[in-house]
Amino acid sequence: MRILLVEDNVDLADAIVRRMRRSGHAVDWQHDGVGAASVLRYQSFDLVVLDIGLPRLDGLSLLGDLRERGDATPVLMLTARDGIEDRVNALDVGADDYLAKPFDFREFEARCRVLLRRSRGQATAAVQVGGLVFDSAAHTVQVDGVALELPNREFRLLEILLGRLDQVVSKDEIAKGLFGFDDEAGPNAIELYIGRLRKKLGDAAPLRITTVRGVGYKAETATP
């Protein structure tokens with residue numbers, strides 16, 4: 001998923017960015033509310049992780065502006081404040097979930113996964129297409145019961161395509177989901193990852209990735 005982290009604690013932000021990138025997510029970081037507000041006006045994200053206590057523009061004001069524009073991007077609020085009023089205010093303004101600091105990173109990642117599933121209308125972490133089972137929580141892919149080893153980028157690419165099964169996903173949409181502002185991605189990076197993923201799925205896989213020339217790619221159930 002493409003994540004925007006808005007957090008002014010440099011050490012915590014660095015830890016979150018490193019952990020989420022190791023899991024294959026594209027993560028961009030802003031340390032204050034004004035910078036984040038500017039980014040959110042021209043770049044879309046799958047999830048915003050937003051601290052309440054921010055310099056220049058606090059998290060609740062930023063969230064309020066986001067919702068007033070009709071932006072329904074899932075938002076996970078972070079804060080060192082532990083009072084019930086802060087939790088209620090965050091949820092009333094439009095937060096989708098709330099996590100108090102300090103937190104366990106396993107819980108943080110689980111809450112991120114839940115918000116992403118909810119935005120896609122998925123009830124569970126596992127998606128099944130024929131004999132292919134994709135589990136975002138366990139970070140596993142199986143084809144007819146056999147584990148398929150995928151590096152993080154290929155795993156996330158498959159997740160993007162499965163989230164839009166039988167629909168065309170443009171190269172631009174894929175790039176936005178795989179790469180952050182600081183990632184180095186050459187002009188042929190998407191084709192490279194698509195080719196690797198097709199090869200690992202193999203001809204017998206129940207899922208086929210087709211190229212829609214000049215538009216993008218589509219994952220669809222392979223016909224026998």
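## Close-up views of a predicted model

**View 1. Helix 3 and the elements that cover it.** Helix 2 (33–40), strand 3 (47–51), strand 4 (75–79) and helix 4 (84–93) are among the elements that cover the buried residues of helix 3. The model shown here, as in every view below, is predicted. Helix 3 spans residues 59–68. Its buried residues are Gly 59, Leu 62, Leu 63, Gly 64 and Leu 66. Asp 58 caps the N-terminal end of helix 3. A side-chain oxygen of Asp 58 lies 3.0 Å from the backbone nitrogen of Leu 60. After helix 3 comes Gly 70, with a positive phi near 85 degrees.

**View 2. Leu 76 and its contacts.** Leu 76 sits in strand 4. Its relative accessible area is 0%, so Leu 76 is buried. Neighbours within four places in sequence are left aside in what follows. Leu 76 is in contact with Leu 47, Val 48, Val 49 and Leu 50, among others. Its contacts also include Asp 97, Tyr 98 and Leu 99. Phe 108, Cys 112 and Leu 115 are on the list too. Leu 115 is 39 residues from Leu 76 along the chain, yet their C-alpha atoms are separated by 8.2 Å.

View 3. Strand 12 covers residues 216–221 and runs antiparallel to strand 11. Six bridges join strand 11 to strand 12. In one of them, Thr 210 has Lys 218 of strand 12 as its bridge partner.

**View 4. The largest nonpolar core.** This core has 28 residues. Leu 161 and Ile 174 have the most contacts inside it. Ile 174 touches Leu 157, Ile 160 and Leu 161, among others. Ile 174 also touches Val 169, Ile 190 and Tyr 217. That list does not count residues up to four places away in sequence.

**View 5. The salt bridge between Asp 32 and Arg 56.** The whole structure holds 17 salt bridges. In one of them, the side chains of Asp 32 and Arg 56 meet at 3.4 Å, N to O. The pair links distant parts of the chain, 24 residues apart. Asp 32 is in the loop between strand 2 (26–30) and helix 2. Arg 56 is in the loop between strand 3 and helix 3. Asp 32 has a relative accessible area of 4%, so this residue is buried. Arg 56 is exposed, because its relative accessible area is 65%.

**View 6. The salt bridge between Glu 107 and Arg 111 in helix 5.** The side chains of Glu 107 and Arg 111 meet at 2.8 Å, N to O. Both residues lie in helix 5 (residues 105–120). They are four residues apart, about one turn of the helix. Residues three or four places apart in an α-helix point the same way, because there are 3.6 residues a turn. Glu 107 has 34% relative accessibility, so it counts as partly exposed. Arg 111, at 23%, also counts as partly exposed.

**View 7. The salt bridge between Glu 220 and Arg 208.** These side chains meet at 3.3 Å, N to O. The pair links distant parts of the chain: Glu 220 is in strand 12 and Arg 208 is in strand 11, twelve residues apart. Glu 220 counts as buried, because its relative accessibility is 15% and the cut-off for buried is under 20%. Arg 208 has 35% relative accessibility, so it counts as partly exposed.

Terms used. Residues are numbered from 1 along each chain as its sequence is written. This is a predicted model: local features need pLDDT of at least 70, side-chain atom pairs count only at pLDDT 80 or more; totals for chains, interfaces and linings use all residues. Side-chain values use heavy atoms; hydrogens and water are left out. Two strands pair if DSSP finds at least two bridges between them. Helices (H or I, at least four residues) and strands (E, at least two) are DSSP runs, numbered from the N terminus. A nonpolar core is a set of buried Ala, Val, Leu, Ile, Met, Phe, Trp, Tyr and Cys residues joined through side-chain atoms within 4.5 Å. Buried means under 20% relative accessible area, exposed over 50%, partly exposed in between (1.4 Å probe, protein chains only). Contact means heavy atoms within 4.5 Å. A polar contact is a pair of N or O atoms within 3.5 Å; within protein, one must be able to donate a hydrogen and the other to accept it, and residues adjacent in sequence count only if both atoms are side-chain atoms. A salt bridge is a side-chain nitrogen of Lys or Arg within 4 Å of a carboxyl oxygen of Asp or Glu.
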